[in-house]
Amino acid sequence: MNWFECKVIYEKPVENSAAMKKTPELYLVDALSFTEAEARIIEEMTPFITGSFEVANIKRAKYNELFFCDEEAADRWFKCKVSFIIPDEKTGKDKKTPNNFLVQSSDLKDAVKKLEDG
């Protein structure tokens with residue numbers, strides 16, 4: 001499975017005003033190609049956004065693991081970057097190995113707990 005981060009920009013009303021403000025948001029899509037990722041994000045976003053929007057950027061995302069949660073309140077995904085420090089066998093020095101995880105949770109504090117438990 002390939003994951004793509006899609007940056008979508010749309011106009012959102014400003015509170016207590018008739019003005020509109022451009023708002024960028026990042027969404028994650030599983031797809032086989034960039035073209036399919038763009039088509040999927042457009043299909044998913046169209047019913048929820050009134051007016052026009054643009055897919056400003058699409059990039060491939062690499063995740064080492066996903067932590068799913070069955071709790072009803074866990075309606076958000078948090079991207080967590082963890083660096084593991086391991087000794088390099090050749091040089092003997094410590095080497096940082098970055099890993100990206102997606103954690104499904106209701107808030108940041110709970111996501112950190114789920115990541116630590118996992």
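Figure 1. Strand 5 (76–87) and strand 6 (94–105) run antiparallel to each other, with twelve bridges between them. (Two strands count as paired if DSSP finds at least two bridges between them; strands are DSSP runs of E, at least two residues, and helices are runs of H or I, at least four residues, both numbered from the N terminus.) Together strand 5 and strand 6 make a hairpin with six residues between them. Look in the turn for Gly92, with its positive phi of about 80°.

A note that goes for every view: residues are numbered from 1 along each chain as its sequence is written, and side-chain values use heavy atoms, with hydrogens and water left out. Since the model is predicted, local features need pLDDT of at least 70 and side-chain atom pairs count only at pLDDT 80 or more, while totals for chains, interfaces and linings use all residues.

**Figure 2. Helix 2, one side in and one side out.** Helix 2 spans residues 108–117, and its buried residues are Asp110, Ala111, Lys114 and Leu115. (Buried means under 20% relative accessible area, exposed over 50%, and partly exposed in between, using a 1.4 Å probe and protein chains only.) These residues cover an arc of only 140° around the axis, so they end up on the same side of helix 2; the arc is that of the directions from the helix axis to the C-beta atoms. What covers the buried residues includes strand 4 (65–67), strand 5 and strand 6. On the face turned away from the buried side you'll find the exposed residues Lys109, Glu116 and Asp117. Asp107 caps the N-terminal end, with a side-chain oxygen 3.3 Å from the backbone nitrogen of Lys109.

Figure 3. With a disulfide taken as a pair of cysteine sulfur atoms within 2.5 Å, the count comes to zero. Cys69 is in no disulfide, and its nearest cysteine sulfur, in Cys80, is 13 Å away. Seen from Cys80, the closest cysteine sulfur is that of Cys69, and 13 Å is too far for a bond. Cys69 is buried, with a relative accessible area of 12%. Cys80 is buried too, at 12%.

**Figure 4. Asn16 in the loop between strand 1 and strand 2.** Asn16 lies between strand 1 (2–13) and strand 2 (20–31). What makes its phi worth a look? Phi of Asn16 is near 55°, a positive value in a residue other than glycine. Most residues other than glycine have a negative phi. Asn16 counts as exposed, at 83% relative accessibility.

Figure 5. Met20 belongs to strand 2 and is partly exposed, with a relative accessible area of 45%. Setting aside neighbours within four places in sequence, Met20 is in contact (heavy atoms within 4.5 Å) with Glu11, Lys12, Pro13 and Val14. Between the C-alpha atoms of Met20 and Tyr10, ten residues apart along the chain, the separation is 9.6 Å.

**Figure 6. Stepping back to the whole protein.** There are two helices and six strands, in the order β-β-α-β-β-β-β-α from the N terminus on. The C-alpha atoms fill a box of roughly 60 × 30 × 25 Å along the principal axes. Of the 118 residues, 27% count as buried.

Methods: Polar contact = N/O pair within 3.5 Å; in protein donor to acceptor, adjacent residues only side chain to side chain.
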